[in-house]
Amino acid sequence: MTILLNPKYEALRDYLTHIDEHFEKEGHEIFRDRNVLRTLRVNGLTLCVKHYAQPSLKNRLACRIYKTSKGKKAYIRPLELRERGFESPEPIAFVKYRKGLTHTSTYFVCLHSDYRYDMTLAFTLDGKEREEVIENFARYAARLHEEGFLHRDFSSDNILYDKINGRYHFALIDTNSMKCGRPVSLEKGCANLARLNGDDAFFATLADAYSRARQADSELCRRYIDEARGK
């Protein structure tokens, strides 16, 4: 077994070394596809635990030789975001069990976010609230891209948000495929935004707000987003 544990949560080590057993017997399932998500309660904390589907034999061998597994990247990427002032649920552990030469069972554990909404809701809002959410999100996305973060699964349900004390907060989840490096170009940033759910009016407002945040031409942003949506 391999465990990568956030030192802040050393008290959970014994529990996490048996996360496979707890995952099967406890908690509440919140998502199931190829991967499965459950919430578990321990020591007064609500954990969000993701159990990754068994990868293909090719990917299993690649991870043993040169690739970093999704579970390990899911642990590392939020730390990189948080170090730069961006919110993402606090990572607690990456746990991998190995059975035989190639079979593995991988878990990623983080704190469960209590943010009430995701960006799927944003384009269904009306009036002033809709404009406020889009405007604040556009500034957030612009700063994220300028800092060199490109979330390659930038779908609406991977962007959580809430309004706390009159201020909008955004948090990224499912960040294992995120790239970190040079500032993201305007064209790539707009293409990233095009992955969201929204109608024409939503994207027009988003393009205008994002262009202002990046001090760019709004018509160019609209064109980049429209082209990416068309693809």
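Residues are numbered from 1 along each chain as its sequence is written, and side-chain values use heavy atoms, with hydrogens and water left out. Because the model is predicted, local features need pLDDT of at least 70 and side-chain atom pairs count only at pLDDT 80 or more, while totals for chains, interfaces and linings use all residues.

Helix 5 (residues 127–146) packs against helix 7 (residues 200–213) at an angle of about 50 degrees, the axes lying 8 Å apart. Helices here are DSSP runs (H or I, at least four residues), strands are runs of E (at least two), and both are numbered from the N terminus. Axes are lines fitted to C-alpha atoms, for helices over the stretch in contact, with angles from 0 to 180 degrees between N-to-C directions. The two helices are therefore oblique to each other (under 35 degrees is roughly parallel, over 145 roughly antiparallel, 65 to 115 roughly perpendicular, and the rest oblique). Residues in contact (heavy atoms within 4.5 Å) include Ile134, Phe137 and Ala138 from helix 5, which meet a set in helix 7 that includes Phe202, Leu206 and Tyr210. By class, the residues of this contact divide into 11 nonpolar, 2 polar and 5 charged (Ala, Val, Leu, Ile, Met, Phe, Trp, Tyr, Cys and Pro are nonpolar, Asp, Glu, Lys and Arg charged, and the others, Gly among them, polar).

Aromatic rings come next. The whole structure holds 13 aromatic pairs, counted for rings of Phe, Tyr and Trp (its six-membered ring) with centres within 6.5 Å; planes under 30 degrees apart are stacked, over 60 edge-to-face and the rest tilted. Phe123 and Phe202 make an edge-to-face pair, at 6.3 Å centre to centre and 70 degrees between the planes. Phe123 sits in the loop between strand 7 (117–118) and helix 5, and Phe202 in helix 7, so the pair ties together parts 79 residues apart in sequence. Phe123 is partly exposed at 26% relative accessibility, whereas Phe202 is buried at 1% (buried is under 20% relative accessible area, exposed over 50%, partly exposed in between, with a 1.4 Å probe and protein chains only).

Beyond four places in sequence, Asn158 contacts His151, Asp153, Ala171, Leu172, Ile173 and Asp174.
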